[in-house]
Each structure stands twice: as structure tokens, then as C-alpha cells.
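Morning, everyone. Let's take a quick look at one protein and its aromatic rings.

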Amino acid sequence: MAAWSPAAAVPLLRGTRRLPLLHWAQRMFASQTEGELKVTQILREKFPRATAIKVTDISGGCGAMYEIKIESEEFKEKRTVQQHQMVNQALKEEIKGMHGLRIFTSVPKH
């Protein structure tokens, strides 16, 4: 077994996506960013029957990339690509200023 060294510990002291662990700890306990709140508000307006909406800025808080999880009856009987097109259409103006977007859609289970 190899001996422990400080250099070997460096990867352990980092969070995911190569940002410092401290940054991720701060984000975990922080309230939503302004961008997350804006995108959430738009999705609530466009999908009034949504039972769950979660928007996460995965770009470290700069608003360049978001992960969206949305559960809504409006997606019922639509293919995944159609569901994602609905979300893209709802956010078409905001998407212009983004680098990327991860979308996860689902229909509520009764």
C-alpha cells in the first residue's frame, strides 16, 4: 500500500467539477441565486400544473448553465423530446444568455 502524502490528498479536498470544496459547501447552504429564482418563476408561470420545479445553477453561481427538474401533468402523453421542447420554448429568451441547460422532465405518479 502506498504511503499517504499531502499531494495525494489534494483531490480529496476539492468538490465536484473541480471547484473548491468550500465553494460547494457555501452553495449547499445558500439560498437560491437570482438566476435560479428567475427561471423558477418563469417555469411556474408557464407550467401552472407543475407539482415540482427545481432549478439549480450548475455553473458555480454565474448563471451560465442550469439544471432543471420539473414534474407536470402538462407532459402527460408527450415524448421526452416534446417535453424538453416545451421547457426550451418557455425559457427561449433566458436560454440566449446561457451556455448550457440540463433538463429532466416527468409526469406525476398518482
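I'll start with the overall layout, then turn to the rings.

This is a predicted model, where local features need pLDDT of at least 70, side-chain atom pairs count only at pLDDT 80 or more, and totals for chains, interfaces and linings use all residues. Residues are numbered from 1 along each chain as its sequence is written, and side-chain values use heavy atoms, with hydrogens and water left out.

The protein has five helices and three strands. Both are DSSP runs, numbered from the N terminus: helices are H or I with at least four residues, strands E with at least two. The order from the N terminus is α-α-α-β-β-α-α-β. Of the 110 residues, 31% are buried, meaning under 20% relative accessible area with a 1.4 Å probe, protein chains only.

Now the rings. How many aromatic pairs does the structure hold? One. F47 and F75 form a tilted pair, 5.4 Å centre to centre, with 50 degrees between the planes. Rings of Phe, Tyr and Trp (its six-membered ring) pair if their centres lie within 6.5 Å; under 30 degrees counts as stacked, over 60 as edge-to-face, the rest as tilted.

The pair links distant parts of the chain, 28 residues apart. F47 is in the loop between helix 3 (34-46) and strand 1 (50-57). F75 is in the loop between strand 2 (65-72) and helix 4 (80-90).

Why does F47 count as buried? Because its relative accessibility is 4%. F75 is buried too, at 0%.

Key
Buried < 20%, exposed > 50% of the residue type's maximum accessible area, 1.4 Å probe, protein only.
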